[in-house]
Amino acid sequence: MSVTVVRLCRDVLLEDFGPVVQRVGTVLVKKGRLPLSQIKLLAKLSLRQVRESLLILIQHNLVYHAETGETGATVTYYEANVEEILARLRIGLIINSASEWFGKEGGVIIRLLLNRGMMRLKDLRAVLELEKGKINKNVVFTKVFTQMARGRYIRAVTPTDKISPTDRSISEQAKEMEQFKSPPTAQELANLKKIREEKEVAEINSNVIVGMKRKMVDSETGPNKKSNVDAETLEEVDQDVYWKINYEQFNLKLRNKSIVRFVDDRINKGAAAVMKAAFSVVEDRMRQCKEEKSVVMSATLITHNLPSEINLQNDVIMDVEGTNFKPSQQQLTNELLDLLCNDHVKFMVKEDERGSGQYRINLEKIAEALKVRLVESVVAEKYGSISARLMRILVSKQKLDEKQVAKIAMVPGKDAREKLHQLATAGLLEVQEVPKSADRAPSRTFYLWHVPMKRCQEVILEDCYKALASVRQRRNEEIKMRARLLEKTQREDVKANQDLLSASDKAQLELLNKVLDWLEVAEVRLDEMVMILRDY
């Protein structure tokens, strides 16, 4: 675990849970999987404080726990869920998104789940009954809660969620090994691993939503009908099941929106509208951000999902001059789909010619293009336009020597050499040696420059983590510097009469609000970069 990630996790835990819980959580992030005795020793806290801190972290799904009998006695090991801790950095965007998609009730539900870690539907109703003005909204909140559960924006908490993937894998392997009387062969182990992976994929892609149950409702057919009526089966949330925020589903929806914006920037608004309609067709069947391709969809279905007010004719050039031919919406959609397929990014892939055509969204290629675009923009901003041009050439041509790079970029050899070495020092370029002879003499060796894209993404992601930690530290320092002024503004007499504040106090408050707004915008932009590099 890098020092920057540890620092960022420590800041999140300190801000959300306080110094005692933060100390226990930081020990687990730094040291990994530990038993209770070692956590107590490293955190330098009492046994009661450690236990209470672990209980809080487990309640908020930030720590895994598993029992093992490795030494004969049963020992419980604890492990930090770093992904869940870092996901809390995005909670502001998630609350705003929930409020936008499900109304203000959706935002309230996400806030309650964030504060409590997990909760049942009947717990939500109990909270609403304690708050004035929300008693009559019980039905509305129940409906929104059910919609979020069906859309997988919140998910049921199961016993396996509290066990780390490593412990789960070890447990499954131990059960599988019990089937063999003699040590298994390499082929048998490979087959078992393949079965486990297929089982995991089937669980992820399952249409069954854990935590929902079927309810039989009698539907009335009218006053003049007989009493025997049809039974209508509906799904409702199980009152006794605990639910938590499903960050993966929010990331998936936000990724789809960013892809639509990418298409708009690269092609035109018509292509973006077609891509948005394609996502509306397949979004319900998407389960992970890192899927390679979407399910197959027809061009006809994409056209049906286009809004009626969308006019694609202005975004497609067709040779119909001198004729009365007016292309239909389906023909315009087909043209834009072909454009998306033939683009350099390969936004979509045509699978079949049946009907108007069968298509898939090429999610892997789009994610790769988004990452490359981000890397190039960071290089251009940090090292200049010439460096960005050199990197773009190397990404396109794969491997080139120094003279070839300078010639294609139309840059003097001295400048190209300087920029290439600057990028290599930053870890964004590498050199591949290709010797002409067996003695590997430098004078008889080609030195080919290339871009290790995976390495570039890791370097920039680490820089983003550092910047995020610095922004959060600066925000805390700004608030700490004006702590007395902020305490003064919280007094009842000052709240009733703002004239009690002096002109300098008001100027300081205005400056603080501006600085905090700037820092918040910077944090949102950095988090968007992290989302592209880590989650797509």
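This is a predicted model: local features need pLDDT of at least 70, side-chain atom pairs count only at pLDDT 80 or more; totals for chains, interfaces and linings use all residues.

Student: Which residues of α6 are buried?

Tutor: They are Ile91, Ile94, Ile95, Ser97, Ala98 and Phe102. Looking down the axis of α6, you find these buried residues within an arc of 165°, so they line one face of the helix. The face turned away from that buried side carries the exposed residues Asn96 and Glu100.

Student: What do the buried residues of α6 pack against?

Tutor: Their partners are α5 (82-87), α7 (104-116), α9 (138-150), β7 (243-245) and α12 (247-266).

Student: Which residue follows α16, and what is its phi?

Tutor: Gly384 follows α16, and its phi is positive, near 105°. The length check works for α16 as well: its 21 residues should span 30 Å at 1.5 Å a residue, and its end C-alpha atoms are 30 Å apart, which agrees.

Student: Now salt bridges. How many salt bridges are there?

Tutor: To find them, look for a side-chain nitrogen of Lys or Arg within 4 Å of a carboxyl oxygen of Asp or Glu. By this rule the count is 28 salt bridges. One joins the side chains of Arg120 and Asp123, at 3.1 Å from N to O.

Student: Is Asp123 buried or exposed?

Tutor: Check its relative accessible area, where under 20% is buried and over 50% is exposed. Asp123 has 18%, so Asp123 is buried. For another setting, take the salt bridge between Lys269 and Asp264, at 3.6 Å from N to O. Lys269 is exposed, at 60% relative accessibility, while Asp264 is partly exposed at 27%.

Student: What about Asp505 and Lys488: where do they lie?

Tutor: These two form a salt bridge whose closest N and O atoms are 3.0 Å apart. Asp505 sits in helix α23 (residues 503-535) and Lys488 in helix α21 (residues 483-489), so the pair ties together parts that are 17 residues apart in sequence. Asp505 is buried at 16% relative accessibility, and Lys488 is partly exposed at 25%. Salt bridges can also link up into a network, as they do for Glu15, Arg472, Arg475 and Glu523.

Student: Which residues is Met275 in contact with?

Tutor: Setting aside neighbours within four places in sequence, Met275 is in contact with Ile259, Val260, Val263, Leu340, Phe347, Met348 and Ile361.

Student: Which residues does Gln457 touch, leaving aside neighbours within four places in sequence?

Tutor: Gln457 is in contact with Lys371, Val375 and Leu533. Gln457 lies in helix α20 (residues 453-481), and at 9% relative accessibility it counts as buried.

Student: Last, which residues does the UniProt winged-helix annotation cover?

Tutor: An annotation comes from a record, and you can then compare its span with the model. In an unreviewed entry, UniProt lists residues 375-451 as "domain: DNA-directed RNA polymerase III subunit RPC3 winged-helix". The chain there is 56% helix and 18% strand, with end C-alpha atoms 11 Å apart. The unreviewed entry also annotates residues 8-63 as "domain: RNA polymerase III subunit RPC82-related helix-turn-helix". That span, residues 8-63, is 79% helix and 5% strand, and its end C-alpha atoms lie 16 Å apart.

Methods. Residues are numbered from 1 along each chain as its sequence is written. Side-chain values use heavy atoms; hydrogens and water are left out. Buried means under 20% relative accessible area, exposed over 50%, partly exposed in between (1.4 Å probe, protein chains only). Helices (H or I, at least four residues) and strands (E, at least two) are DSSP runs, numbered from the N terminus. The arc is that of the directions from the helix axis to the C-beta atoms. Contact means heavy atoms within 4.5 Å. UniProt positions are given in the numbering used here, feature names are shortened, and annotations may be inferred rather than shown by experiment. The expected span of a helix is 1.5 Å times one less than its number of residues.
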